[in-house]
Amino acid sequence: MHDLVIRGGTIIDGTGAPGFVGDVAVDNGTIVAVGGAVGSGFTEIDAAGAIVTPGFVDTHTHYDGQVTWDSQLSPAAWHGVTTAIMGNCGMGFAPLRPGIEARDYLIKVMEGVEDIPGSVLAEGVSWDWETFPEYLDSIDRKPHAIDVVAQIPHAPLRAYVMGRGRAIDDAATDEDIAEMGRLVKQAVEAGAHGFTTSRTFIHLTSEGELIPGTHAEPKELLAIADSMVEAGSGVFQLISDKLGRPEDLAWMSKIGRKTGRPVIFSLVEVKPDSDPFEFRQTLESLKRIYETEGVDIRAAVPWRPPGFLMGLETSLNPFSYYPVYAKIDALTFTEKVERMRDSAFRARLLADQPDMSKSLTGLANRFDKMFPLGDPPNYEPGPEDSVAARAKAKGITPQEFVYDALLEQNGKALLFVPVAAYALGSLDILHEQLSHPRTTASLSDGGAHVASISDASFTSFMLTHWVKGRTRGARLPLEEVIRLQTSEPASLYALNDRGVIAPGRKADINIIDLDALHLPAPYMAYDLPAGGKRMMQKVKGFRYTIVNGEVIVQDGMMTAALPGKLVRGPQTAVHCA
């Protein structure tokens, strides 16, 4: 008698192979049989009419603080994620010098780059560590619904070794580099799965400073790679303004050769005047390097365009930098809506002009690239759906259109502003990128940008849009979409015990009613520490999500089960006789 048997579902096993109808048997958190005649179970789930997939592996999250206060790590599991990988883009909270000053600085880094309010982090994070191994131990002590994977980030590492004053702009000395290498080796030996760094002008602290590591010389990064090798190696992840251009590929290739493990960088171009097809040359370079040198460099791409959601509750809206609006910005949401409904206030605001000195004013007023999101949300709107086009059709100004749109749905309506991978006004660029062998589906930013995006739902969107809902271009095959979110990312991070429905693999499993799968519009929740707010997005159609053989989500509701663990280092599958 097995612990659990899943009966009669269409098994999409994560390898890309065609789906088939069969049963899955689970014992002690491990899949022990797949196919027909697997025997009976103490618990049985009827999966007829549903697909049965491996649990999803989200390789790009920022739950580094949330993991210390939230056992459920919501909303990851709502969307079928059973393994979340943290510490990306050089962001994190360890190592950490004792004292309030060092803590506050890392809060400013995370607040500025990842848009997580400092008050939330100050109150919510447990702060019971100094070294990275102690941070891992802190995570390990707290039970979680899903598995978590940590990487050691460059910004806190550099600040710890060099101090805030030198860490931002100074070149590291040989002594600094040796100490950083020692700490990276220590972290990897303790269970870190890799090292991450940021080399982009858009990553600024809440005080407007570049973060530590932005200008680090390649020799520093190469020495850190050597330390990773000494400890058993690991993934090297980064974000860079160079986007895989030759000047970066030279040292990235050296790191890949040293470590023998993947180097992953974010392929997201945010400059509005950039060539939308430059990525083709980059991806062909990655393909050539892999085919001629065996070096695995991957470009991380998202399932939908990175961007912002704008509304009266979000961090930014089209009127945020208007002096008249600034006078009501600190009001409660209810008070703000009431004031916006006043005709006299409407007239004053529409007669006002934005403060063009603010860095995001231009973004907040790109009306030709701004779209009402709607419910259900439309993440692939056409040019005719833009605020500019709709306002023109109505014979009003874009500001008038936006004003009225923000008050729809009792003030909870949202505007969608894609800032990358949408130059053609469709997802055709992303379709090409996601189909390339040198990319990896990633960049959900789960846990970050809490009041401006809700992209932790990527793993639902890939099914609702790319598999069954897209009408403005080619779709992607179900089996390939599942592979890209299961076995492939698991393999990249040497998590070879998961990502496939097969005997010997972890029983991390999703049971999904694909026909009923539906993604409603995001909404604002006020459930973070210190009363902080965050954009959340639910999904309908996930019947069960299972981690280590235990049901953690049933019909959209979290159970009390907390079977997740901190995953330390590479993993291998269990041999089943």
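Which residues are linked in a network of salt bridges? Asp296, Arg298, Arg438, Glu480, Arg483 and Glu488 are linked in this way. A salt bridge here is a side-chain nitrogen of Lys or Arg within 4 Å of a carboxyl oxygen of Asp or Glu. Side chains of opposite charge can pair when their charged atoms come close.

The structure is a predicted model, in which local features need pLDDT of at least 70, side-chain atom pairs count only at pLDDT 80 or more, and totals for chains, interfaces and linings use all residues. Residues are numbered from 1 along each chain as its sequence is written, and side-chain values use heavy atoms, with hydrogens and water left out.

The overall form comes first. The secondary structure comprises 19 helices and 23 strands. Both are DSSP runs numbered from the N terminus: helices are H or I with at least four residues, and strands are E with at least two. The C-alpha atoms fill a box of roughly 75 × 60 × 45 Å along the principal axes.

Buried residues make up 60% of the 577 residues. Buried means under 20% relative accessible area, exposed means over 50%, and partly exposed lies in between (1.4 Å probe, protein chains only). The protein exposes about 21400 Å². Carbon and sulfur atoms supply 50% of that area. Accessible areas come from the Shrake-Rupley method with a 1.4 Å probe; for residues, only the protein chains shown count as cover. Contacts (heavy atoms within 4.5 Å) were also counted. Among those between residues at least 6 apart in sequence, 76% join residues at least 24 apart.

Charge was examined next. The protein has 54 positive and 74 negative side chains. Lys and Arg count as positive and Asp and Glu as negative, while His and the chain ends are not counted. The centres of the two sets lie 2 Å apart. Each charge is placed at NZ of Lys, CZ of Arg, CG of Asp or CD of Glu.

The structure holds 35 salt bridges. One of them joins Arg141 and Asp128, with the closest N and O atoms 3.0 Å apart. Arg141 lies in helix α3 (residues 132-141), and Asp128 in the loop between α2 (118-124) and α3, 13 residues apart. Arg141 is exposed at 54% relative accessibility. Asp128 is partly exposed at 38%.

Helix α3 also holds Asp140. Asp140 forms a salt bridge with Arg568, again with the closest N and O atoms 3.0 Å apart. Arg568 lies in the segment after β23 (557-558), so the pair ties together parts that are 428 residues apart in sequence. Asp140 is partly exposed, with a relative accessible area of 40%. Arg568 is partly exposed too, at 29%.

A further salt bridge joins the side chains of Lys506 and Asp508 (2.6 Å, N to O). Lys506 is buried at 11% relative accessibility. Asp508 is buried at 3%.

The backbone was then inspected. Most residues other than glycine have a negative phi, and most peptide bonds are trans. The bond from Ser74 to Pro75 is cis, with omega near 10 degrees. Pro75 sits in the loop between β6 (56-58) and β7 (81-85). The bond from Ala94 to Pro95 is also cis, with omega near 0 degrees. Pro95 sits in the loop between β7 and α1 (100-114).

Asn28 is not a glycine, yet its phi is positive, near 50 degrees. Asn28 lies in the loop between β2 (20-27) and β3 (30-35), and is exposed at 73% relative accessibility. Leu443 has a positive phi of about 70 degrees, although it is not a glycine either. The loop between β17 (439-441) and α17 (458-467) contains Leu443. Leu443 is buried, with a relative accessible area of 12%.

Ser227 lies in helix α6 (residues 218-231) and is buried at 8% relative accessible area. Leaving aside residues up to four places away in sequence, Ser227 touches Gly181, Arg182 and Lys185. Ser227 and Ala330 are 103 residues apart in sequence and 48 Å apart in space, C-alpha to C-alpha.
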